[in-house]
Amino acid sequence: MYAALGLRACAEAGLQIDPRVIESAAKWWDKAQHGDGGWGYRDSGSGGPWGGMTVGGVGSLSIYDWFQDKHWKADPRIAKGVQWLATNFAVDKNPKGADHDKSHWHYYYLYGLERAGMIVGTDLVGAHNWFDEGATFLLKQQGPDGSWKGDDSKSRVWDTCFAILFLRRGTKPLPPKMYTK
């Protein structure tokens, strides 16, 4: 996901990106998608899907479609990923399929949810207003010193950065046309 964000930033700054890089990256995300629409921390054959990787897949494929002048809002892979997120929606955990007992990288997932929602250009994931529900959760979790710390993280800095990026809606929606054309 961060490679996709970096390539997008380069394109928006006017740099030319080799189309083969975009095609190769999009093929990886396509190949790594699980049959249920989610993405995992490993390839599609092992590990099962997680919310943190599924938001990364949705956002990355949207960016790569944008590069290739494809209609990312009509891409069935992205729609399937968004459906996975809707089925497994949570803001209090990084969902793993139907198993919501795991919460690894929770605040990273929330920031990814913000990126995917902003990039795809939607306020809703299924029936859930991702921003309202996520902001309500985060504001309740903020510590007295203004920081955030998830259960699985040893770093208040990371979790605080991810929480602020979510709350600020730090990701810009994709523009309608490429800047490099």
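1. A word on terms before the geometry: axes are lines fitted to C-alpha atoms, for helices over the stretch in contact, and angles run from 0 to 180 degrees between N-to-C directions. Please also keep in mind that this is a predicted model.

2. With that in hand, have a look at how helix 2 and helix 3 pack: the angle is about 150 degrees, and the axes lie 10 Å apart. The crossing of helix 2 past helix 3 is left-handed.

3. Which residues meet between these two helices? Helix 2 brings Ile22, Ala25, Ala26 and Trp29, while helix 3 brings Met53, Gly56, Gly57, Ser60, Leu61, Tyr64 and Phe67.

4. Tryptophan 29, in helix 2, deserves a point to itself. Is it buried or exposed? Tryptophan 29 counts as buried because its relative accessibility is 7%, and buried means under 20%.

5. Setting aside neighbours within four places in sequence, tryptophan 29 has contacts that include Met53, Gly56, Gly57, Ser60, Leu61 and Tyr64, residues that helix 3 contributes to the packing with helix 2. Met1 and Trp39 are also among the contacts of tryptophan 29.

6. Now to the loop between helix 2 (19-32) and helix 3 (51-67), where tyrosine 41 is found. Its relative accessibility is 38%, so tyrosine 41 counts as partly exposed. Together with Trp105, Val157 and Trp158, Tyr41 forms a nonpolar patch on the surface, and their accessible area together is about 460 Å².

Key
Residues are numbered from 1 along each chain as its sequence is written. This is a predicted model: local features need pLDDT of at least 70, side-chain atom pairs count only at pLDDT 80 or more; totals for chains, interfaces and linings use all residues. Side-chain values use heavy atoms; hydrogens and water are left out. Patches are made of residues with over 30% relative accessible area and no salt bridge: like charges are joined within 9 Å, nonpolar side chains (Val, Leu, Ile, Met, Phe, Trp, Tyr) within 5 Å. Accessible areas come from the Shrake-Rupley method with a 1.4 Å probe; for residues, only the protein chains shown count as cover. A salt bridge is a side-chain nitrogen of Lys or Arg within 4 Å of a carboxyl oxygen of Asp or Glu. Helices (H or I, at least four residues) and strands (E, at least two) are DSSP runs, numbered from the N terminus. Buried means under 20% relative accessible area, exposed over 50%, partly exposed in between (1.4 Å probe, protein chains only). A crossing is left-handed if the near helix is turned anticlockwise from the far one by less than a right angle, and right-handed if clockwise. Contact means heavy atoms within 4.5 Å.
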